[in-house]
Amino acid sequence: MSKLFPAPLLSLALAAMWLLLNDSLSAGHLLLALLFGWLLPLLFAPLRPQRPTIRHPLRIARYIVRIGWDVVLSNWEVTWDLIRFRAKPVRSAFVAVPLDLRDPSALGALAMVTTVVPGTVWCELARDSHAVLLHVWNLEDEATFIAHYKRVYEAPLLEIFE
């Protein structure tokens with residue numbers, strides 16, 4: 001059964017999405033919804049990453065709250081930097097941050113978190129996943145930024161996933 005329907009919830013969601021987007025319950029659209037809901041997850045199943053092993057699920061809530069707070073603070077800091085731009089120019093820079101994370105799901109989460117927090121952009125992951133290149137909006141001190149990034153963003157993911 002799981003080989004025919006590798007992701008039943010995804011199949012159901014795809015079929016529902018097809019019907020909603022077409023705003024029709026005609027026989028043709030129902031047939032296409034069933035076909036796409038069954039066929040697409042089956043064809044793309046080999047591309048899906050392995051299920052992550054979450055070791056400390058309760059720490060996820062604390063991590064989300066921390067990220068939310070950092071988003072608010074970073075928005076404020078970027079806004080403030082833009083307001084006083086003429087008085088104090090922004091010193092943006094690229095920073096290579098060495099990584100201890102190896103789990104693909106954890107790296108994906110770190111990429112999303114980095115992109116969500118204003119002032120940092122995930123640019124490139126090294127082929128061996130040992131470092132990430134980030135663009136930082138206003139870099140005061142590279143070593144301090146790397147230590148902060150690893151402590152606040154990477155270390156909790158190490159606890160959660162590895």
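Q: Starting with the largest pocket, how does its lining split into nonpolar, polar and charged residues?
A: This is a predicted model. The lining has 12 nonpolar residues, eight charged ones and seven polar ones.

Q: And how much space lies in that largest pocket?
A: About 630 Å³.

Q: Which lining residues are the closest to its centre?
A: Ser74, Glu77, Asn138, Phe145 and His148, out of 27 residues that line the largest pocket.

Q: Which elements give two or more residues to that lining?
A: Three helices are on that list: α3 (58–83), α4 (104–116) and α5 (142–161).

Q: Which element has the largest share?
A: α3, with eight residues of the lining.

Q: OK, on to the second largest pocket. How much space is in there?
A: About 210 Å³.

Q: What lines the second largest pocket?
A: Pro6, Ala7 and Pro8, then the run Arg48, Pro49, Gln50, Arg51 and Pro52, plus Ser105.

Q: How do those residues divide by class?
A: Five are nonpolar, two are polar and two are charged.

Q: Changing topic: what does the domain assignment give for the chain?
A: Domain 1 covers 8–47 and domain 2 covers 57–161.

Q: How far apart do the two domains lie, going by C-alpha centres?
A: The C-alpha centres of domain 1 and domain 2 are 37 Å apart.

Methods: Residues are numbered from 1 along each chain as its sequence is written. This is a predicted model: local features need pLDDT of at least 70, side-chain atom pairs count only at pLDDT 80 or more; totals for chains, interfaces and linings use all residues. Side-chain values use heavy atoms; hydrogens and water are left out. On a 1 Å grid over the protein atoms alone, a cavity is a set of points where a 1.4 Å probe fits but cannot get out, and a pocket is an open set with protein on both sides within 12 Å along at least five of seven lines; lining residues have an atom within 4 Å of a point. Grid points are joined across faces, edges and corners, and a volume is the space filled by probe spheres set on the points. Helices (H or I, at least four residues) and strands (E, at least two) are DSSP runs, numbered from the N terminus. Ala, Val, Leu, Ile, Met, Phe, Trp, Tyr, Cys and Pro count as nonpolar, Asp, Glu, Lys and Arg as charged, and the others, Gly among them, as polar. Domain bounds come from an automatic or database domain assignment.
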